[in-house]
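Please read the following note with the sequence and the model open beside it.

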Amino acid sequence: MPSNKTVRDYIRTIVDFPHEGIMFRDVTTLFADARGFRMAIDQMLHPYAGERIDKVVGLEARGFILGGAIAHQLSVGFVPIRKKGKLPGTTISQDYKLEYGEAIVEIHDDAIQPGEKILVVDDLIATGGTAAAGIKLIQRLRGEIVSCAFIVDLPELGGRKVLEDMGMDVHVLCEFEGA
């Protein structure tokens, strides 16, 4: 039986998580449904049909799930950007601001070769801090970012604009209002 569901319909909202006032957009319900997950991957790939992409970079942690599936579909390599101290080889680091404090992400220093075409993937764009830090790491390795793809945008938090102001093409599947 055909379904009229959209990717957005598979995402549940958890009120007051991780603390009061937050509307957490939970994509694990999307990932758990075979039809929903396939729909999301297909829709994330669609804008890049016929475009050269050498590697997919996934941002920790849900970007690993999406990035691995997208890299598989494109028959290209996958590169993780991880929190500090999680990668075993020689890395380069980038710090960034969080709502309350700072964080650091890392990439292996040999993960991307100069001139490689990169697609950056994560589940959600909020303030854009993690994605911006990942972009800076890729640029330091002289990778050429084709685009950044996300399932969810929270437009009120301004992350998409942050990335667009960095000169990035940004593709999202759906938006949710509120934080």
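Is Arg142 buried or exposed? At 55% relative accessibility, Arg142 counts as exposed (buried is under 20% relative accessible area, exposed over 50%, partly exposed in between, with a 1.4 Å probe and protein chains only).

1. This is a predicted model, in which local features need pLDDT of at least 70 and side-chain atom pairs count only at pLDDT 80 or more, whereas totals for chains, interfaces and linings use all residues. Residues are numbered from 1 along each chain as its sequence is written, and side-chain values use heavy atoms, with hydrogens and water left out.

2. Arg142 has a positive phi near 65° although it is a residue other than glycine, and Asp16, also not a glycine, has a positive phi of about 60°. Asp16 is partly exposed, at 40% relative accessible area.

3. The peptide bond from Phe17 to Pro18 is cis, with omega near 5°, and another cis bond, with omega about 0°, joins Glu60 and Ala61. For context, most peptide bonds are trans.

4. The rings of Phe17 and Phe24 have their centres 5.2 Å apart and their planes at 85°, so the pair is edge-to-face (rings of Phe, Tyr and Trp, the last by its six-membered ring, pair if their centres lie within 6.5 Å; planes under 30 degrees apart count as stacked, over 60 as edge-to-face and the rest as tilted). Phe31 and Phe37 also form an edge-to-face pair, 5.5 Å centre to centre with 75° between the planes; Phe31 is buried at 16% relative accessible area, while Phe37 is partly exposed at 21%.
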